[in-house]
Structure formats: structure tokens, C-alpha cells
Amino acid sequence: MHFGGIVMLEFIGITLSFIYIFLIIALGGLVGKKDPEAGRKFIHILLSNWWFIAMIFFRSAMYASLVPLIFIAVNYLSYRFRIFSSMERADGGVEGLGTVYYAISLFLLAAISFSQNLQHIGGLAILIMGYGDGLAALIGKRFPIIAYSVGGSRKSLGGSLTMFFASLAVAFLILFLTGSYSPAAILTLAIAATLLEALTPKGLDNLSVPLGVYTLYLIFFL
């Protein structure tokens, strides 16, 4: 009976996950009517909050990783055929694969962190990517202080500073609230996330930032 209750909880989680994701995509379309880039980053930031649904409803790595696994395919099809134009770049290109890399990161971290009972660290990594990278792109575009290019991708000091402070705030909140508070870990992870975002081109920071943060925490702070 207990097993059946857990399975029911997992299916509720899957249902809520799809409702939440498609709701955010729809709202991103409304935001993007005036500013398509703002709409894309609205989706990028708020989709990272899916991790809270995962932590509440999923108990196994299999169920936790199922939703992002499905969205690897969904996001790739959207990239190829512009199914969800609100989350795609207007000019297409290889950087548009960032949405696919996002789903891959969610899948890998859900599979790994839930199997290791380190869901809060998986969440830390995803939320740093979601909020840090999303806000860095928005604010960096508005305040392109000392702009530079990495592999054809435009970056700026303004964006990097935003990434650092957003990562610092996320790391502090997650580690403090989960009883894993460590000033050294918070500062190190924020610096690492900022460097990874600054030096990774073509949407690949959606992979390098969360996977790098998670790996760094496992090696030095677990």
C-alpha cells in the first residue's frame, strides 16, 4: 500500500510538471511579444523552479529524470521546427541548442542527485544556471560593460557580475536552508559558475555551469 502511494505521488508529480512547464512556456510567449529575448529568459529562469516540484513529488531517480528526458526530445524538435517559438532564438543557429542542453542538464542531475540522495545539490546547480545565467543575459544586454566575445558568443562584465551575485545568492539560500551552510562553498561555487558562464560559448553554459557546480561540490565540499 505504501508502494502504491509513492507511485501515485510520482504520477501526480509528472502531471504537475507538464502543467507547470507548458504554463511557463505560454507565459513566456506573452512576455516575449514586446521583447522576445526577455520572454526567452523568463522561461529559462522560471523553468529551473521545476526542481522544487521534483523534490516534493519524486522519490526515485527514474521518475525524477523522466520529465527532462522527454523534454530533451521536445526541445530538439522545437529547435528544428520552431514548435515553441517563445523559447527559440529568432536567428536560430547553434546557440539555439541551449534549450536542449538545458533539458540534458536537468536529466543528468535528476538521475544522479536523486540516486545519491543529494537532491538539494542538484537543485543548487540547476537554480544557479537558471537564475544566474538568465539574469546575466538580461542585465548584460542592458548594461554591456566591457563587452567581449567567446567563441562567437557575446559576453560582458556586467553580465558576469550579475552571474556572480545571483549565484552567490542562490548558493547561500540553498545551503543555508538545507543545513549545509559553508562560506567557502558559497564563494567558490559562485566564482566557478561565473567563470564557466563567461568562458563557455554557444549555449553550452547550460551544460557546463550546472554540471560543473555539482561536480565541484561533490569533490570539495561533500
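The tour starts at a surface patch and then moves on to salt bridges. Keep in mind that this is a predicted model.

**Stop one: the nonpolar patch.** Now color helix α7, residues 157-177, which gives the patch its largest share, three residues. Next, click on Phe143, in the loop between α6 (119-142) and β1 (147-150). Phe143 has a relative accessible area of 45%, so it counts as partly exposed.

The whole structure has four salt bridges. For one of them, select Glu37 and Arg40, whose side chains meet at 3.0 Å, N to O. Both sit in helix α2 (residues 36-47), three residues apart, or about one turn of the helix. Is Arg40 buried or exposed? Arg40 is buried, because its relative accessibility is 12% and the cut-off for buried is under 20%.

**Stop three: Arg89 and Glu95.** Select this pair and you'll find another salt bridge, with the closest N and O atoms 3.3 Å apart. Arg89 is partly exposed at 22% relative accessibility, and Glu95 is partly exposed at 22% too.

Finish with Glu197 and Lys155, a salt bridge with its closest N and O atoms 3.4 Å apart. This pair links distant parts of the chain: Glu197 belongs to helix α8 (residues 183-199) and Lys155 to strand β2 (residues 153-156), 42 residues apart. Both Glu197 and Lys155 are buried.

Definitions and conventions. Residues numbered from 1 in each chain as written. Predicted model: local features only at pLDDT ≥ 70, side-chain atom pairs only at ≥ 80, totals over all residues. Heavy atoms only, no water. Helix = DSSP H or I, 4+ residues; strand = E, 2+ residues; numbered from the N terminus. Buried < 20%, exposed > 50% of the residue type's maximum accessible area, 1.4 Å probe, protein only.
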